[in-house]
Amino acid sequence: MSDKVKMSSTELGALWTTYQKKTMIMRILESFIEKSDDPKSKNLMSELWEQLNLKVIEIKTMLHNEGAAPPIGFTKKDINLDAPKLFENGFDIMFCRILKEISMGMYVLHLTISYRKDIIKLYTELTELTQTYYDLFTEYLLERGLLPRPTYVNMPKSVDYLTDKSYLKGSNFLGHKRPLNTVEFGLLYHAFETNITGIQLMTGFAQCAKNEEVKRYFIKGRELSKEILKETGEIFLQNDIQPPATPGGTITSSQEAPYSEKLMMFCTYLLGGFSIGSQGFSTIFNLRNDLMVKTGVFGKDIYEFTREGITIMISNGWMEEAPRMDIHHLNNQ
């Protein structure tokens, strides 16, 4: 009789989700690598692909050893390497950096629901790998002037505590809003930065989508990102802060899809989930009431958009079913 601890339901679900996301990222990397004309970015993405491939094989082996059918995820059928380049001017590394942000958040969650030593080790290694490449991608973009640094401020010379509840109102009886603090600005800045890339991604996806419902969905996503940029930018300007802009990331005129619509929809679904989490986090740490309301509305809009995407994926047979909580036969033993 084997002494090995069985894989739990939460560990199975975590590995299943990781397999889906990792195989999607590998297909996107393959497309970017094929069209890359910059040796450094090509090497960075190729090295990441090699590392991720080993982890995908490891996850598949773990599932096989438990007698579990591995998910299909995303395969070579989901990319078209012959399609012309859809994105250029550093977009590949900009988007890979955002994918690594998502990975960091998901690994933290997966680690908290993993208990078997080999699975904990897998997520610890994946976290280290993700942090390493996130740093490398950030450094690459900064070196090439494709990623602006956030606004600088004067450093505080003293420490204070809040004693006036009007701080939460965000405005006085004359209607003047108090200035943003650095925590609030950081959260808004992150939303602004990621939605710049979001607009580019949705525009590119809409440009090459053939299914009219899917095309309309991507256009809707682009308009949602535009609205977030518009309203966040207005808050910056009210505080005499110039909204950040990046010279990186452009879309070509190609209308031939490098990815399947299944992959593009899943990618959008993943980004939507990440955005909902970010807006929820912002709602708590934005102390100005008007900012709390605004980020709450953004979160609701993103949630509704993401749910619509799930419906589209299900109606087209593009969404794999997660492993069921099948415990009946265990109870009967």
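Predicted model: local features only at pLDDT ≥ 70, side-chain atom pairs only at ≥ 80, totals over all residues.
Residues are numbered from 1 along each chain as its sequence is written, and side-chain values use heavy atoms, with hydrogens and water left out.

A cavity here is a set of points, on a 1 Å grid over the protein atoms alone, where a 1.4 Å probe fits but cannot get out; lining residues have an atom within 4 Å of a point. Grid points are joined across faces, edges and corners, and a volume is the space filled by probe spheres set on the points. The structure holds two cavities of 30 Å³ or more.

The volume of the second largest cavity is about 110 Å³. At least two of its lining residues come from each of α3 and α6, and α6 contributes the most, five residues (helices are DSSP runs of H or I, at least four residues, numbered from the N terminus). Its lining comprises eight nonpolar, three polar and three charged residues (Ala, Val, Leu, Ile, Met, Phe, Trp, Tyr, Cys and Pro count as nonpolar, Asp, Glu, Lys and Arg as charged, and the others, Gly among them, as polar).

Two or more lining residues come from each of α3 (91-112), α6 (182-208), α7 (212-238), α8 (261-285) and α9 (289-315). The largest share, nine residues, belongs to α6. By class, this lining has 12 nonpolar and 13 polar residues, and no charged ones.

Conventions: 1 Å grid on protein atoms, 1.4 Å probe; cavity = no way out; pocket = protein on both sides within 12 Å on 5 of 7 lines; lining within 4 Å.
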